[in-house]
Amino acid sequence: MIVSATRSPEELAAAAREFLTAHTPDSAASSESVGTWLAPGRVNLIGDHVDYAFGVCLPFATTMATAVAARKRDDGVLRMLSQSPNGELLDASVPLADLDAAVNAADAQPGILPDWRGYIAGTVHALGAGGMDLAVVSDVPLGSGLSSSAALECAVGVAARDLYELGTSDEDLIAATMRAENFYVGANTGGLDQNAVVRGRAGFALALDFLEDTHEQVPCGLEGYTLLVVDSRVEHSHATGEYSSRRGLIDATAAALSCTFRENDIVERAVTWATDHPEDALGNDPEVVRRRVRHVHSETARTIEAVEALKAGDIEHFGRLMNDSHASLRDDYEIVPDALETAVRAARAAGAVGARITGGGFGGSTIALCPADRAEAIATTIIEATDKGGFPTPAIYATSAQDGARKV
Ligand code: ADP
Ligand code: MG
């Protein structure tokens, strides 16, 4: 089989429980029983680099998921266990009182716990929960654009909500997990991931409109088709800086022009502004500004059209819009490395109805919407093409829309 297997929710939960009990056999601080929770990763079908620009995205929660086993502790400490991608044990303890002090410091800045611990501890602290032992087991590849970070935050978030009977609404849970990422870790990401991971529903994609602040469940059974997720395994060491530079320009444009990027004349207005005020446009050439703003404008229009195509069951049309989106991210937003371009071209040549980069780019993953009976052959073709190009061999998963973060 070319396509990788992933564990079921029950298998992941059992592995997390075993991990916790193996490392905390006689938890000094708690006699509480252990529960297990699960949160999926997400793929974005279309609508990338628009969540921070009042745009529309269409993600769904994946089969690949993260499980957390947890129990309460009464000493206000968070004991966190996980594994690094190369199998190293991650084991850390953070007293919540330390986070109180860091957050309340007069000079508090984003990034008070800027590593794996921040996603977990930030979520627990932002929710106002107490001490816990937490063990994490995940099948969501880390840093591959499939949102292992939101899967981790949201699995921990639902665990904390249940264990401490917080009664937090999904909306407030999303806000707390976003705060973990934005403030505690210090990653300047939009709200696409946490929304998709919390609100996911089996058989549905989630249309998120960041201008109207609405979300709509859109049937996404994709009968007769298989969605392949292709993790390129390409290192994206410059991703953070590049993401910030794209986002920085769009934020500056929005502030200067008070625009939503849906105006028909927004591209020309942005070019004029960047020509007249190069310092406000962060030194970007006006032609670069044209391309960046054109992506945000066209991607939002395309995603609105794609939602309608999906509702109408017009998968061929949906696939063409995926292809157009990819071209815009490659040519106008310039976030597609060669390895991912190779995978996309191979998928289409082998019969995918649509293929595109997904997520933040500069590495990470692509997706290919395939006639179900062609999926295995398309996966083989992708691997042949990336091997021939001298790129890392991708990991390929078949996925479908699943339920969001929950107890298992
Ligand atoms: P993505 O969300 O696309 O996978 P990010 O860079 O946003 O990529 O998040 C990846 C980071 O999230 C990792 O570097 C790590 O710090 C943290 N992370 C995610 N999942 C886990 C996990 N299971 N265990 C420990 N840390 C994790
Ligand atoms: Mg992430």
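**Notes on the model**

1. The side chain of Thr-36 makes a polar contact with the backbone oxygen of Val-408, at 2.8 Å; a polar contact here is a pair of N or O atoms within 3.5 Å, and within protein one must be able to donate a hydrogen and the other to accept it, while residues adjacent in sequence count only if both atoms are side-chain atoms. Thr-36 sits in strand S1 (residues 35-44), where strands (E, at least two residues) and helices (H or I, at least four) are DSSP runs numbered from the N terminus. Thr-36 is buried, at 4% relative accessibility; buried means under 20% relative accessible area, exposed over 50% and partly exposed in between, with a 1.4 Å probe and protein chains only. Leaving aside neighbours within four places in sequence, Thr-36 is in contact with Ala-13, Arg-17, Val-68, Ala-69, Lys-407 and Val-408, contact meaning heavy atoms within 4.5 Å.

2. A word on the ground rules. This is a predicted model, in which local features need pLDDT of at least 70 and side-chain atom pairs count only at pLDDT 80 or more, while totals for chains, interfaces and linings use all residues. Residues are numbered from 1 along each chain as its sequence is written, chains are lettered from A and ligands numbered from 1 in the order in which they are written, and side-chain values use heavy atoms, with hydrogens and water left out.

3. Now to ligand 1. Which residues come nearest to ligand 1? Of the 15 residues around it, they are Ser-82, Gly-143, Gly-145, Ser-148 and Ser-149; a residue is counted as near if one of its heavy atoms lies within 4 Å. The shell divides into seven nonpolar, eight polar and no charged residues, with Ala, Val, Leu, Ile, Met, Phe, Trp, Tyr, Cys and Pro taken as nonpolar, Asp, Glu, Lys and Arg as charged, and the others, Gly among them, as polar.

4. Several backbone atoms approach oxygen atoms of ligand 1. A backbone N or O atom of Gly-143 lies 2.8 Å from a ligand oxygen, a polar backbone atom of Gly-145 is 3.1 Å from one, and for Ser-147 the corresponding distance is 3.5 Å. Taken alone, ligand 1 exposes 560 Å², of which the protein buries 78% (Shrake-Rupley areas, 1.4 Å probe; for residues, only the protein chains shown count as cover). Helix H3 (116-127), strand S6 (132-138) and helix H4 (148-163) are the elements that give two or more residues to the shell, and H4 has the largest share, with three.

5. A nonpolar core is a set of buried Ala, Val, Leu, Ile, Met, Phe, Trp, Tyr and Cys residues joined through side-chain atoms within 4.5 Å. Of its 36 residues, Ala-70, Leu-78, Met-80, Met-132 and Leu-134 touch the most other members. Apart from this core lies another, of 31 residues, among them Val-267, Ala-270, Leu-329 and Phe-362. In soluble globular proteins, nonpolar side chains tend to be buried together.

6. Phe-362, in the loop between strand S10 (354-358) and strand S11 (365-371), counts as buried at 15%.

7. Phe-362 is also among the residues touched by Arg-246, along with Tyr-52, Arg-292, Tyr-333, Glu-334 and Ile-335, not counting residues up to four places away in sequence. Arg-246 is found in helix H7 (residues 239-257) and counts as buried, at 8% relative accessibility.

8. Last, Thr-303 in helix H9 (residues 286-311). Thr-303 is buried, at 0% relative accessibility, and a polar atom of its side chain lies 3.4 Å from the backbone nitrogen of Gly-47. Beyond four places in sequence, Thr-303 touches Ile-46, Gly-47, Val-56, Cys-57 and Leu-58.
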